[in-house]
Amino acid sequence: MIQSFSTFSKVVPLVYRDISTMQTYDVVIIGAGHNGLVCAAYLLKAGYSVLLLEKRSVPGGAATTEESLPKEAPGFKFNLCAIDHEFIHLGPVVQELELEKYGLEYLECDPVVFCPHPDGKYFLGHKSVEKTSVEIARYNERDAKKYVEFTEYWQRALGAMIPMFNAPPKSVLDILGNYDIAKLKDLFSVIGSPSKTLDFIRNMLTSAEDILNEWFDSEFLKAPLSRLAAELGAPPSQKTIAIGAIMMAMRHNPGMARPRGGTGALVNALVNLVTSKGGVILTDQHVDKVLIDNNRAVGVRVANGTEYRAKQAVISNIDAKRLFLQLIDSSDVDAADSDLRERLERRIVNNNETILKIDLALNEPLRFEHHEHNDKYLIGSVLIADSISHVEQAHSKCTLGEIPDSDPSMYLVVPTMLDPSMAPPGKHTAWIEFFAPYQIAGAEGTGLKGTGWTDELKHKVADRVIDKLADYAPNVKNATIARRVESPAELGERLGAYKGNYYHIDMTLDQMVFFRPLPEIANYKTPIESLFLTGAGTHPGGSISGMPGRNCARIFLQTKQPIAQTLKDARDSIKSTVESVFKIG
């Protein structure tokens with residue numbers, strides 16, 4: 001039976017009541033987000049004892065599903081952050097950990113995107129590229145043909161990059177071993193000649209806006225593609241982040257899905273796995289210090305003074321800035337690397353963009369009556385993105401500390417259209433993501449954490465967002481039973497995210513792969529012995545993927561069992577490649 005989040009925090013103290021004799025573990029993990037749980041699962045399978053310490057009353061970090069309006073809307077379950085899962089299907093985490101055995105079931109979305117436009121046109125993206133092309137051809141036949149070419153290009157690019165996602169960035173053996181015949185073909189189709197290589201590099205260095213203008217004419221098509229590209233947390237005009245153009249291609253293959261019961265069902269499955277293997281998860285445990293002895297991480301201390309010792313490693317699922325600047329004595333950091341603190345403070349870039357999150361409990365589903373409404377359009381993501389310029393304003397203003405609410409753009413999901421179990425019978429929920437600044441310009445020192453955000457302001461902004469949505473779905477106001485609004489400052493507090501950045505640091509090319517979060521700590525290891533990093537701030541970055549957790553576990557195992565683990569990794573890689581040869585041949 002799967003434990004619910006509402007009962008989990010009560011179960012842990014009962015199951016692990018006598019923790020006074022369990023103060024020492026092989027590995028202590030700070031934070032029980034999904035990457036921390038994934039990392040723990042692999043280490044437990046390898047025979048290590050693991051303790052995870054979570055500051056909230058529930059595990060999951062940015063991947064929780066909770067009844068957050070128990071009085072106003074009992075029985076309504078909301079995804080408080082992550083919702084649409086694509087990246088996790090690019091790696092082997094679900095299969096290797098056999099998460100279906102622990103209660104995980106994915107529901108596939110199709111259609112995957114619906115974007116209504118003010119003139120009555122709309123973009124409807126299906127999982128099928130061909131069906132999507134037919135929808136585009138209703139308005140522009142050239143763009144429909146180019147869309148097929150565009151998607152094929154990014155699918156090949158994706159195939160070429162997947163082996164790098166699923167390996168530590170500096171582990172050449174792991175990366176090479178992940179290439180099977182199909183992925184090698186993708187790689188050479190993208191960079192198989194000097195001209196192709198240069199073209200690919202140019203594409204990586206340019207912006208999503210430039211790429212889309214190069215390929216397409218129609219604003220009704222470019223707008224949703226730019227809105228999806230901007231999910232990486234930057235305006236579509238920003239250079240070095242054209243990789244965002246891949247986001248729609250991913251919705252065709254591997255596709256987009258959601259766990260039955262919400263994103264938290266993934267965490268539930270991981271919790272079931274971890275606890276079944278003897279792992280310990282303690283909630284309401286805020287780590288305030290990493291204990292260092294002679295340049296080696298030996299444990300952690302939580303806010304109530306309790307210390308937990310780690311015989312083999314401490315692994316941080318929180319961002320590197322908070323870890324090194326807040327949880328470790330500066331003298332210990334300087335002894336390990338005299339430049340690290342200053343580089344973390346000054347080199348890592350966060351562009352001030354985060355999320356104002358709105359959750360609605362609804363009496364009925366939203367109806368887009370001006371756009372040939374069909375309930376199936378609401379199965380995937382609904383994008384309110386009127387043009388590239390509209391999307392640009394929604395993101396670029398955040399960098400300046402301005403709230404882009406004069407004409408809001410938003411990302412909307414009605415989860416209950418795919419999964420009715422998340423609300424009482426006949427009722428629905430809506431999930432709304434509105435990009436907003438963490439620090440409001442001119443409001444420094446006021447509001448929560450000095451950001452300028454107050455309860456009054458967040459509801460005022462939410463009202464404007466709903467007003468904009470009502471232009472497309474006029475029944476939204478009358479259908480709303482209750483709503484929950486979380487300001488960027490509150491989201492940052494809940495997640496423990498630096499400046500509200502749920503990706504930990506921006507996902508620009510200069511902060512990815514070998515540079516994430518900094519070159520010297522990009523391979524999950526740190527200059528402090530037995531101290532490791534995982535989470536969104538490490539390769540390959542944010543989103544629900546589990547890849548940082550898996551990759552970190554591989555580095556830990558290679559460090560502790562270098563020869564045996566390297567030989568095992570080489571054997572597995574060769575086996576995978578050989579199997580792919582015979583499969584294709």
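Me: Is aspartate 288 buried, partly exposed or exposed?
Reply: In this predicted model, aspartate 288 is partly exposed, its relative accessible area being 27%.

Me: Which residue does aspartate 288 form a salt bridge with?
Reply: The partner is arginine 301, and the closest N and O atoms of the two are 3.2 Å apart. Aspartate 288 belongs to strand β10 (residues 287-292) and arginine 301 to strand β11 (residues 297-302), so the pair ties together parts that are 13 residues apart in sequence.

Me: And how accessible is arginine 301?
Reply: Arginine 301 has a relative accessibility of 29% and counts as partly exposed.

Me: How many salt bridges does the count come to?
Reply: The count comes to 37 salt bridges.

Me: What about glutamate 493 and lysine 449, how far apart are they, N to O?
Reply: Their side chains meet in a salt bridge with an N to O distance of 3.9 Å. Glutamate 493 sits in helix α19 (residues 488-495), while lysine 449 sits in the loop between β16 (428-437) and α17 (455-472), so this pair ties together parts that are 44 residues apart in sequence.

Me: Partly exposed or exposed, for those two?
Reply: Glutamate 493 is partly exposed, at a relative accessible area of 39%. Lysine 449 is exposed, at 55%, because exposed means over 50% relative accessible area.

Me: Where does aspartate 467 find its partner lysine 477?
Reply: The side chains of aspartate 467 and lysine 477 meet in a salt bridge at 2.5 Å, N to O. The pair links distant parts of the chain, with aspartate 467 in helix α17 and lysine 477 in helix α18 (residues 476-479), ten residues apart. Aspartate 467 is partly exposed at 36% relative accessible area, and lysine 477 is likewise partly exposed at 46% relative accessibility.

Me: Which residues are linked in a network?
Reply: Lys357, Asp359, Arg484, Glu486 and Arg494 are linked in a network of salt bridges.

Me: Switching to cavities: how many of 30 Å³ or more?
Reply: The structure holds four cavities of that volume. The largest cavity contains about 80 Å³ of space.

Me: What lines the largest one?
Reply: The lining of the largest cavity has 13 residues, and Asp319, Ala320, Lys321, Pro517 and Gly537 lie nearest its centre. By type, the lining divides into seven nonpolar, four polar and two charged residues.

Me: And the second largest cavity, what is its space and lining?
Reply: About 60 Å³ of space lies in the second largest cavity. Its lining includes Asn79, Ile83, Leu107, Arg258 and Asp419. The lining residues divide into six nonpolar, three polar and two charged.

Definitions and conventions
Residues are numbered from 1 along each chain as its sequence is written. This is a predicted model: local features need pLDDT of at least 70, side-chain atom pairs count only at pLDDT 80 or more; totals for chains, interfaces and linings use all residues. Side-chain values use heavy atoms; hydrogens and water are left out. On a 1 Å grid over the protein atoms alone, a cavity is a set of points where a 1.4 Å probe fits but cannot get out, and a pocket is an open set with protein on both sides within 12 Å along at least five of seven lines; lining residues have an atom within 4 Å of a point. Grid points are joined across faces, edges and corners, and a volume is the space filled by probe spheres set on the points. Ala, Val, Leu, Ile, Met, Phe, Trp, Tyr, Cys and Pro count as nonpolar, Asp, Glu, Lys and Arg as charged, and the others, Gly among them, as polar. A salt bridge is a side-chain nitrogen of Lys or Arg within 4 Å of a carboxyl oxygen of Asp or Glu. Helices (H or I, at least four residues) and strands (E, at least two) are DSSP runs, numbered from the N terminus. Buried means under 20% relative accessible area, exposed over 50%, partly exposed in between (1.4 Å probe, protein chains only).
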